[in-house]
Amino acid sequence: MNNSPYLRQAASVQSVMLRVLLALLPGIAAYVWFFGAAIVLQIVLASLTALAAEALVLHLRGKPLAIFLTDGSALVTAWLIALSFPPLAPWWLVVLATLIAIIVAKHLYGGLGQNPFNPAMVAFALMIVAYPQFMSRWPGTDAIDFATQWQIIFGLHANQTLDALTMATPLDALRTALHSTNATTVTVASALAHNPAIGLMAGRGWEWVAAGHLVGGLWLVQQRIITWHLPTAFLATLFLLAGLASTINPSEFAGPLFHLFGGGAMLAAFFIVTDPVSAATTPYGKLIFAAGVALLTWIIRSFGAYPDGIAFAVLLMNIAVPLIDMATQPRVFGHKKNGSNHHG
Amino acid sequence: MLAALLVMALGAVVLGAVLGFAAVKFRVEGDPLTEKIDAILPQTQCGQCGFPGCKPYAAAMAKGEADINQCPPGGDEGIRKLADLLGREYKPLSAEHGVEKPKALAVIDEQRCIGCTLCIQACPVDAIVGAAKQMHTVIAVQCTGCELCVPVCPVDCIDMVPVAENITTWKWKYPVVAIKPVTTH
Amino acid sequence: MTSYIFIVLGAVLVNNVVFVRILGLCPFMGVSKKLETAIGMGAATTFVLTMACGTSYLIDRWLLMPNQLEYLRTLSFIVTIAAIVQLTELVIQKTSPMLHQVLGIYLPLITTNCAVLGVPLLNIGMQHNLVESLLFGFGGAVGFTLAMILFAGIRERLEGADVPVHFRGTAIAMITAGLMSLAFMGFAGLDKYK
Amino acid sequence: MQLFDFNGGVTPDYHKEASTQSPIAVSPAPTFLVIPLHQSIGGTPRPLVSAGDRVLKGQRIGAADGDMSSAIHASTSGHVVAVEMRRMPHPSGLSALCVVIKADGRDEWIARQSFDYRSHTAAETRDYLRDAGVVGLGGAVFPTHLKMSPGKGDKLDTLIINGAECEPFITCDDLLMRERAEAIIQGVVILRDLLAAGRVLVGIEDNKPQAVAAMTAAVQAGGHQDMAVVAVPTRYPAGGAKQLIRVLTGIEVPHGKRSTDYGVQCFNVGTAHAIHEAINLGQPLISRIVTVAGNVAAPRNYEVLLGTSMEALLTQSQPLPDTDRLIMGGPMMGVSLPSKDVPVVKATNCILAGSKKLFPPPPPEMPCIRCGECATACPADLQPFELYWFSRAKIFGKAQEYHLFDCIECGCCSYVCPSHIPLVDYYRFAKSEIWANESEKAAADQAREQYEFRQLREAREAQEKAARLAARTAAGRAAATNALAVASDATSDATPAAAPVAKSATTPATEPAQTPSPQAALIAAALERARAQQVQPANTTNLTPEQQAEIAAIEARRAQIRAQAHPHLPPDD
């Protein structure tokens, strides 16, 4: 017999997670349209691995499988991993990454709701540090049929022709060009002009995938699954920084649209920085957190050694979350000061 | 070689002089740590820790001569607080010092009491009143439940009665997690 | 001027003493359970480390090098650091008993904090001058403090987490430190820009 | 009039129509009344009657225990059957002292006299209200007389009368306002006069238009220019005192502060009604309006004598067969009762019959995903998920840092939680643990003081003794030896000369522990006396030498412990 309150709103973790998965569909659809069904294969791989790993850990910890396996959180992590990884990455890379995300980043901290780091981003960062060569297998401009994609993913394809089929993302290409030895003569415009992968703004196809994520994300905001704070602060900060830098020095810094629609920015804005478990939770904290992720992303993209800094930026801000939350506690009813003072 | 020796000797002399000066200049007295530890201890003064009271045990812990898991009345929570204060790892209560029991009060069966005053002498907090050859009574609010009076009573007239819960001392229980772990082992 | 800023920033973020150079792990693990102690430890270490960098530079430049006694470097640095720590402890005990109590046995631990020895030795290896040595030491110490504070924040929160029994305490703290280290790898390359 | 808003809150289904269809019914006086002595915040009243006494309706049967308490009265005339422990309407299901009255059916009142508060001092009026047993009837049962000080400057800016009644199902205040608006306003006038209030605002949620109309009419009929009836937006928990004060005045009263310090004070409409009855009619608080609703065929409000069994009351509304529980209060904050056999008390504003269909058992508790829904819903602007995080892990200090005690346990957070966590249960648990810790700490401090005092005294005594012993030298030793000889005899009392040695608690066991100590002699002698006086403790009739030796050994150990405690003291010889 439970205690008060005896009334409850109809809401559940499951329905939250399910709607997050639904919101990812537009982006996935665009992905399949432009780059083939490889991404679906990766999603299936990651999902199966995530569920298996989840079931294993739950069993070891003596927790009920039925409730936790169906909560959908493992699937969200799996889909985010698949969507942030190159679709032509070897199968074992995705499986390994998912295992690490579920077992190390999530369950060693106690499972759902308790992980300080975003599991998908832990997996991404670890893999890009450990296997940079496999993490650059992005599909090129020429469409590849699914059979070839299957062969590449499962290592059945002859390696020598692999380089012709894969290529760096526009972000990576730009960074490599700008940082190359004869960088003095290369400008953003010249680097992008010679890149066949550039579409309207930030890469042929990629900008549409990003647009898909934008649509799904806006639906999540409308469904009140996520609040406006995080995506807005992230996108606005990235836009302002990129805009400012490219205005001051257009030859060295890419423009705001390139940053917003390139790489994983849209995915991050609506699906990664919005992970409530590892993000800041206070209203001001959310703004600081998301702005911090955007700032670090832009810095790492512009000056760092990795093509897309989102994973590192998210992890770095995850580290700071407890402090951000502590510093931005909202004012309690009747109290004068903000923050967690003892005797207010 | 000689230069090396000289250099090191010089260093030793200079640094030694500076430290010696500082040691005199910045001397402090007293030990506030014992007080802090003592504030955590439950003050039952039962001696189960092997020390003749809470303060001596606190002093021993402050000096690092006693472990933090020797106080049964303080229980698990007491150990956690001590671990927290002293920056040590938590460890479960040491079995040789006793087990954590619900708080009980000493009650003297006045029919059997012969007025020997032994319990009065044993009581560390003066919670038993009564003169020689007269019945003794425990002042309930002052009794810490240390049980020191129980063994000294020659006629076994002191019982430890667990403190019963009433409406005002009743506590909300830890919420029962609805999900029961599947017992596979 | 820019190079000085890069020295400090590099030491704080890119080559963070704890997360990238993996130095000073003893106090990093030991004194990071509470934010309060972490800040105190960071402050004390900042003072000691900066002092140690300056002093060791002077000793190396004016005492050891002229006498071709470079082989005494480690030895003499350790002695110097020990003395500085002792001095710091005495001063703190007198001026701020609260901080002294909070730091407890960890204050003498600074003596054996390998970061405090490591950074002066790195200074010599990088052939920094006095100002650079001091800045590098200060930056390293700030990086150490930053790591301590961030780590303590996470650990305070982790105290409430339902971590599997076998991973509670130091185990999960080590894993967390590892993941933080991974995050700091994101800064790689920033100090080499242009 | 400008209204303010409070953050958070929820809008559950209100279910208020069913019980407002019929007027308040008078619940018949039962044969037996069980009247708990402790029905308000504060000390438990002392019983003034004992079994066999005849009592009249309205007779004081429990006297307030100090000022922080409130009196208790017989609800009808009859005989006291017993003053005993009975089960209470409390989540614990524990018992407390109650006066059990067998009604004689005559319902004979005491002599009732109105109390002219204008010709008495404020203190006298407060004492009168305390002895009339008037407490807050909104559910908190805080003694009303303790809220009667106007605060700074002997004037109160705003007196707030709480008719918001925000909890679903409960309609007792609604019906009271509809039917007895004039009596309420008369009570409000008394409150206004006593508190020297500048204006009076009656706050009623706008889902009770009839109550608003009735109260407005009563205010106009009385020609009170300084009173206004204000319809406030319907949103749970607008009826919380702090929230209503905020909505009507914009003032936020922090936790632990008196609202009079902020120029406002808030009373429930039921309380105003009770004040009117106590002062103008001379009737102490012996009945109240109770809503019976939920899983019943005929939900309705009743005027119930305090002490009536809840089961008897519930039966009048015909509970449906699938009723599986009884809740005192509303569905958001009410307490599940362990039994139907508990009395209606001053805090009983509603009895809710529950069923699996009406209040389904919560789905399994999932981990918190920090989604922040609870923070959005919290009317106290707390971060409930942080409170939960630390309460669950029993890190109470941190929970307090996040203002655990500002939580009003309104249940909004649990209501919205997608993980179905019984959040409020965790806060209740943490709060009661913290309270218990605090009282333990106080007890420990007292014990430390006692212990240190004793140590000081022992040290002083030991020093005095040492001085005396040193003076006596050989004579004392001889006496002690004699005493030992006598003790082994165990036939006569120990000589007085032996006493100092026997009692020398600080002697570090100079004698071998095995030899019978003088104490043994004392004990044996005492036993001898006990035997002579025919009070023979069963387990000490045949004290064997072994047992005596054991006692002696215990003594020696005790002496050793003592010696460790005072190593710095000079030895006795």
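Reader: Among contacts in chain D between residues at least 6 apart in sequence, what percentage join residues at least 24 apart?

Author: The model discussed here is predicted, and chain D in it has 573 residues. When the contacts of chain D are limited to residues at least 6 apart in sequence, the share that joins residues at least 24 apart is 72%.

Reader: How many helices and how many strands does chain D have?

Author: Chain D has 573 residues, of which 52% count as buried. The elements assigned along chain D include both kinds, namely 15 helices and 17 strands.

Reader: Does D:Ala467 count as buried or exposed?

Author: D:Ala467 has its place in helix H11 of chain D. A residue needs 20 or more other C-beta atoms within 10 Å to be buried, and it is exposed if it has 12 or fewer. Because D:Ala467 has 10 C-beta neighbours inside 10 Å, this residue counts as exposed.

Reader: What distance separates the C-alpha atoms of D:Ala467 and D:Arg428?

Author: D:Ala467 lies in helix H11 of chain D, and the residues of that helix are 423–472. D:Ala467 and D:Arg428 are 39 residues apart along the chain, and the separation of their C-alpha atoms is 59 Å.

Reader: Which element gives the largest share of the side of chain D that touches chain A?

Author: Where these two chains meet, 48 residues of chain D are in contact with 32 residues of chain A. At least two residues of this side of chain D are supplied by each of strand S15 (325–328), strand S16 (335–336), helix H9 (396–401), helix H10 (412–416) and helix H11 (423–472). The residues of the side divide into 28 nonpolar, twelve polar and eight charged. The largest share, which amounts to three residues, comes from H10(D).

Reader: What percentage of the residues of chain A count as buried?

Author: Chain A has 16 helices and two strands. Among the contacts in chain A with a separation of 6 or more, residues 24 or more positions apart account for 72%. Of the 344 residues of chain A, the share that counts as buried is 55%.

Reader: Which element of domain 1 of chain A gives the largest share of the side that touches domain 2 of chain A?

Author: Chain A is divided into domain 1 (13–167) and domain 2 (201–329), and the centres of these domains, taken over C-alpha atoms, are 20 Å apart. The contact between them joins 28 residues of domain 1 of chain A to 28 residues of domain 2 of chain A. On the side of domain 1, the elements that give two or more residues are helix H1 (13–35), helix H4 (73–84) and helix H6 (119–130) of chain A. The largest share of that side, 13 residues, comes from H1(A).

Reader: How do the residues of that side of domain 1 of chain A divide into nonpolar, polar and charged?

Author: The side in question belongs to the 28 residues of domain 1 of chain A that are in contact with domain 2 of chain A. By residue type, they divide into 21 nonpolar, six polar and one charged.

Reader: How many residues of domain 2 of chain B are in contact with domain 1 of chain B?

Author: The domain assignment of chain B gives domain 1 (32–97) and domain 2 (104–162), and their centres, taken over C-alpha atoms, are 26 Å apart. Six residues of domain 1 of chain B take part in the contact, and from domain 2 of chain B the number is seven.

Reader: Why are H3(C) and H8(C) described as roughly antiparallel to each other?

Author: The axes of helix H3 (residues 35–64) and helix H8 (residues 130–158) of chain C come within 8 Å, and the crossing is right-handed. Angles over 145 degrees count as roughly antiparallel. These two helices are therefore roughly antiparallel, since their axes cross at roughly 165°.

Reader: Are H1(C) and H8(C) roughly parallel or roughly antiparallel to each other?

Author: The axes of helix H1 (residues 2–14) of chain C and H8(C) come within 7 Å and cross at roughly 30°, in a right-handed crossing. Among the residues of H1(C) in this contact are C:Tyr4 and C:Ile7, and among those of H8(C) are C:Glu132 and C:Leu135. The residues of the contact divide into eleven nonpolar, three polar and one charged. Angles under 35 degrees count as roughly parallel, and H1(C) and H8(C) are therefore roughly parallel.

Conventions:
Residues numbered from 1 in each chain as written. Chains lettered and ligands numbered in written order. Predicted model: local features only at pLDDT ≥ 70, side-chain atom pairs only at ≥ 80, totals over all residues. Domains from an automatic or database assignment. Helix = DSSP H or I, 4+ residues; strand = E, 2+ residues; numbered from the N terminus. Nonpolar A, V, L, I, M, F, W, Y, C, P; charged D, E, K, R; others polar. Axes fitted to C-alpha atoms, helices over the stretch in contact; angles between N-to-C directions. Parallel < 35°, antiparallel > 145°, perpendicular 65-115°, else oblique. Left-handed = near helix turned anticlockwise from the far one by under 90°.
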